[in-house]
Amino acid sequence: MKPVVIVGYGGFGREVFWLAKDCGREVLGFLDDGTEPGTYGRYQVLGPVKDWPTYFEAEFVVAIGNPRTRKKVVMAMQSSGVPQFATLIHPSVVMDSESVEIGEGTLICAGCVGTVDFKLGKHVIVNIKCTVAHDDLIGDFVTVAPLTAISGNVTLQDGVEVGTGAALRQGVTMATGSMLGMGGTLTKDAEANTIYVGSPAKPFKELPSF
């Protein structure tokens with residue numbers, strides 16, 4: 001099994017370090033544009049993101065919570081080669097692995113529960129203690145924050161972000177680049193590139209196009 005390099009030395013990056021270790025993966029270190037290379041306790045910052053080809057023998061995970069930033073980083077890496085991306089699923093995760101599809105670069109953190117027949121795209125983050133139910137379709141570069149409850153037949157299109165403790169009613173769709181704020185309850189479809197807040201959630205603010 002190849003070693004892992006984590007892209008992004010922020011708080012979530014350090015959580016992904018734990019995730020990778022619990023998955024039995026060797027972590028070579030971090031790539032980060034905002035931190036000087038060096039050793040920080042048990043963490044090794046190797047250099048900026050552009051140095052990724054130096055570690056061509058490794059697999060990469062992009063541990064950046066913001067979907068728009070995560071997409072930019074992945075595209076920048078792919079513009080200078082063909083990086084291999086790891087998919088990490090914490091061993092505590094419960095799901096019917098025979099009926100689900102999970103894309104490359106996706107991270108599923110500790111304590112999550114998935115049921116059956118759902119699909120996660122590429123470079124998705126499902127943070128700690130979330131639930132993903134039957135027949136959900138989750139696109140690329142989606143971020144699901146901790147303690148989120150996603151009911152069945154929900155669609156989250158590319159670049160969607162769901163805040164901590166949010167809940168989504170069965171059958172709703174969040175269009176590309178939309179966001180549901182922390183603690184929000186989504187009972188109706190969300191339009192693209194729009195923030196929704198409250199319970200029930202209502203449009204609050206427009207976002208740049210994803």
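A nonpolar core is a set of buried Ala, Val, Leu, Ile, Met, Phe, Trp, Tyr and Cys residues joined through side-chain atoms within 4.5 Å. I keep that in mind for my first entry, and I note that this is a predicted model.

**Cores.** I looked up the largest nonpolar core and found 27 residues in it, of which L156, L168, M174 and L180 touch the most other members. I then picked L180 and listed its contacts beyond four places in sequence; among them are V162, L168, M174, L186 and Y196. Another core lies apart from the largest one and has 19 residues, including V16, V27, A86 and L107.

**Sheet.** Next I traced the strands. Five of them form an open sheet with mixed pairing, in the order β3-β4-β2-β1-β5. From one strand to the next, the twist averages 30°. I also checked β1 (residues 4-7) against β2 (residues 27-31): they run parallel and are joined by 4 bridges. One pair I wrote down is V7 with its bridge partner L31 in β2.

**Helices.** I saw helix α1 (residues 11-22) lying across β1, β2, β4 and β5, at about 165° to β2. Helix α2 (residues 67-78) lies across β1 and β5, at about 155° to β5.

**Cysteines.** How many disulfides does the structure hold? I counted 0. C23 has none because its sulfur is 9.2 Å from the closest cysteine sulfur, in C109, which is too far for a bond. C130 is in no disulfide either, with the nearest cysteine sulfur, that of C112, 4.8 Å away.

Notes: Residues numbered from 1 in each chain as written. Predicted model: local features only at pLDDT ≥ 70, side-chain atom pairs only at ≥ 80, totals over all residues. Heavy atoms only, no water. Disulfide = S-S within 2.5 Å. Buried < 20%, exposed > 50% of the residue type's maximum accessible area, 1.4 Å probe, protein only. Contact = heavy atoms within 4.5 Å. Pairing = 2+ DSSP bridges. Helix = DSSP H or I, 4+ residues; strand = E, 2+ residues; numbered from the N terminus. Axes fitted to C-alpha atoms, helices over the stretch in contact; angles between N-to-C directions.
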